[in-house]
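Reader: I would like a close look at a single part of this model. Please keep it brisk.

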Amino acid sequence: MLEANISSIAQIIQLTIAPVFLLAGLGGILNVVASRLSRVVDRVRMLEDDVPNAEAEVQAAEICELGILDRRLRLCHWSVGFCTTAALLICLVVMILFVANLVALNFAIPVSLLFIAAMVSVTIGLLLFLLEVTIATRFVRVNEKFVARRRVQPK
């Protein structure tokens, strides 16, 4: 009897290995997005301190940048939310796999639906992250005097 239980637990652990690796990957994604979020927050705080004392032209540029940073903050926030939701759904999948085996019930449909929901959540989180990165790169340009551009030579 004990041997059968150990065998079934080993099978459950084998089934849950992939979701656990997915959780590790989601942890890495969350780390990257949270780092970007903290950098944006730092920049916002710096600009908010500088705006009241800046000259009119600089102040207008800083206020414009604050608008862009606000959008990036919201995108990072939602990306973290969706990726965290996906991680929680994956945790539920792992727990249900264990419980289903212990009580000998068929939880195939709930596990499938939870996993699909987790993948949808990851997809949305990654798309929001991509949008945030796109906005960041669109509004940051290196001054031409600091960059040597490759020019096409005529033949």
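In which kind of crossing does α2 pass α3, left-handed or right-handed? Please take me through that part.

Author: This is a predicted model. The crossing of α2 past α3 is left-handed. Helix α2 covers residues 56-102, and helix α3 covers residues 108-138. Their axes lie 8 Å apart, at an angle of about 160 degrees. An angle over 145 degrees counts as roughly antiparallel, so that is what α2 is to α3. Sorted by class, the contact of α2 with α3 holds 26 nonpolar, 4 polar and 3 charged residues.

Now take α3 by itself. It has 31 residues, and at 1.5 Å a residue these should span 45 Å. The C-alpha atoms at its ends are 45 Å apart, so the two values agree. Several residues of α3 are buried, including Val111, Leu114, Ala118, Ser121, Val122 and Gly125. Further along, Leu128, Glu132, Ile135 and Ala136 are buried too. In an α-helix there are 3.6 residues a turn, so residues three or four places apart point the same way.

Next comes the largest nonpolar core. It is made up of 10 residues, among them Val111, Leu114, Ala118 and Val122. Also in this core are Leu26, Ala86, Ala87, Leu89, Ile90 and Val93. Both α2 and α3 supply at least two of its residues. The most come from α2, which gives 5.

Finally, pick out Leu89. This residue sits in helix α2. Its relative accessible area is 15%, so Leu89 is buried, since the cut-off is under 20%. Leu89 and Val111 are 22 residues apart along the chain, and 9.5 Å separates their C-alpha atoms. Both belong to the largest nonpolar core.

Conventions: Residues are numbered from 1 along each chain as its sequence is written. This is a predicted model: local features need pLDDT of at least 70, side-chain atom pairs count only at pLDDT 80 or more; totals for chains, interfaces and linings use all residues. Side-chain values use heavy atoms; hydrogens and water are left out. Axes are lines fitted to C-alpha atoms, for helices over the stretch in contact, and angles run from 0 to 180 degrees between N-to-C directions. Helices (H or I, at least four residues) and strands (E, at least two) are DSSP runs, numbered from the N terminus. Angles under 35 degrees count as roughly parallel, over 145 as roughly antiparallel, 65 to 115 as roughly perpendicular and the rest as oblique. A crossing is left-handed if the near helix is turned anticlockwise from the far one by less than a right angle, and right-handed if clockwise. Ala, Val, Leu, Ile, Met, Phe, Trp, Tyr, Cys and Pro count as nonpolar, Asp, Glu, Lys and Arg as charged, and the others, Gly among them, as polar. The expected span of a helix is 1.5 Å times one less than its number of residues. Buried means under 20% relative accessible area, exposed over 50%, partly exposed in between (1.4 Å probe, protein chains only). A nonpolar core is a set of buried Ala, Val, Leu, Ile, Met, Phe, Trp, Tyr and Cys residues joined through side-chain atoms within 4.5 Å.
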